[in-house]
Amino acid sequence: MLVPIHEEMTREALSSRVSSRALEVIIAANRKQDAISGQIGHDEFHFDNNAIDEGRRYINEQRGFVIASLLSPGVLSAWIAFGRLTHTAQDFYSHTNYISMWLDQYPGTPPTPPEIDPVQKDLIESPKIHSGKIYFPMDVLYFVPFLRKVSLALLPHDSHGRMNLDSPKQGPRFAYARAAAVKRTQYEFEILEKILTPEMFAKFTDM
Ligand SMILES: [Zn+2]
């Protein structure tokens, strides 16, 4: 998703659940994943190029860092790890076919975006989950506004340019990706609430 959308969604999901100091650190770490250094050679940050297992592993790894950080003095690195985790969790919905597969269950009248289940087990674990491949140079030209049309005409169906739900410009399915990403961010927070001791959780929320 676009960086401002990541920020907006993270705010929406967490502003009532963590202190504003924690929230700002989480958001900064989430945004940083889309910097150039996080784009090249880091498909797992964004579930790009079919890095499905790698993306899942990255989320688990960052959750591990949150726990490890909370066991040592200071809390900053726990917030940073959670910020990274939320970025990847959110990109799952804009870069994979999860939303399409979820909507395919309801031919005719689909449920509204707020009704989406972001972690429907059979879908999330389905071997059919895949994500957009980055095709050079067309997927780079896609980011140049006046070249977007040309690049889209030349890009295959399984490309990032054709598949992404990064912004409202991508049509009505974007609202489902956004709603799922906000819910997933809250779901990830709730996992922490379950696995952390009350003391560690209080340190994390900083409330
Ligand atoms: Zn990303």
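Reader: Which residues in α2 do Val3, His6, Glu7, Thr10, Arg11 and Leu14 in α1 meet?
Author: This is a predicted model. The α1 side of the contact consists of Val3, His6, Glu7, Thr10, Arg11 and Leu14. By class, the residues of the contact of α1 with α2 are five nonpolar, three polar and four charged. On the α2 side, the partners are Leu23, Glu24, Ile26, Ile27, Asn30 and Arg31.

Reader: Is α1 roughly parallel or antiparallel to α2?
Author: Helix α1 covers residues 3-14 and helix α2 residues 20-32, and their axes come within 10 Å and cross at roughly 150 degrees. Angles over 145 degrees count as roughly antiparallel. Therefore α1, relative to α2, is roughly antiparallel.

Reader: What is the handedness of the crossing in which α1 passes α2?
Author: The axes of the two helices, α1 and α2, cross at roughly 150 degrees. The crossing of α1 past α2 is right-handed.

Reader: Which residues of α6 make the contact with α1?
Author: From α1, the contact uses His6, Met9, Thr10 and Leu14. The residues of the contact of α1 with α6 divide into three nonpolar, four polar and one charged. Those contributed by α6 are Phe82, His87, Gln90 and Asp91.

Reader: Which residues are the protein donors of the zinc ion?
Author: The donors lie 2.0 to 2.6 Å from the zinc ion. Along the chain they follow the spacing D-x11-H-x40-H-x3-D. The donors are Asp34 (OD), His46 (ND1), His87 (NE2) and Asp91 (OD).

Reader: How many residues apart in sequence are the parts that histidine 46 and histidine 87 tie together?
Author: Histidine 46 is in helix α4 (residues 43-46), while histidine 87 is in helix α6 (residues 76-95). The pair therefore ties together parts whose separation in sequence, in residues, is 41.

Reader: What is the geometry of the site of the zinc ion?
Author: The site has four donor atoms, with angles of 86 to 174 degrees among them. A tetrahedral site would need all angles between 85 and 135 degrees. The site is classed as irregular.

Reader: What is the handedness of the crossing of α5 and α6?
Author: Helix α5 (residues 52-71) packs on α6 at about 165 degrees, with the axes 8 Å apart. The two helices, α5 and α6, are therefore roughly antiparallel. Their crossing is left-handed.

How values were computed: Residues numbered from 1 in each chain as written. Predicted model: local features only at pLDDT ≥ 70, side-chain atom pairs only at ≥ 80, totals over all residues. Heavy atoms only, no water. Axes fitted to C-alpha atoms, helices over the stretch in contact; angles between N-to-C directions. Helix = DSSP H or I, 4+ residues; strand = E, 2+ residues; numbered from the N terminus. Parallel < 35°, antiparallel > 145°, perpendicular 65-115°, else oblique. Left-handed = near helix turned anticlockwise from the far one by under 90°. Contact = heavy atoms within 4.5 Å. Nonpolar A, V, L, I, M, F, W, Y, C, P; charged D, E, K, R; others polar. Donors = N, O, S within 2.8 Å, 3.2 Å for Na, K, Ca; no water. Tetrahedral: all angles 85-135°; square planar, octahedral: opposite > 155°, others 65-115°.
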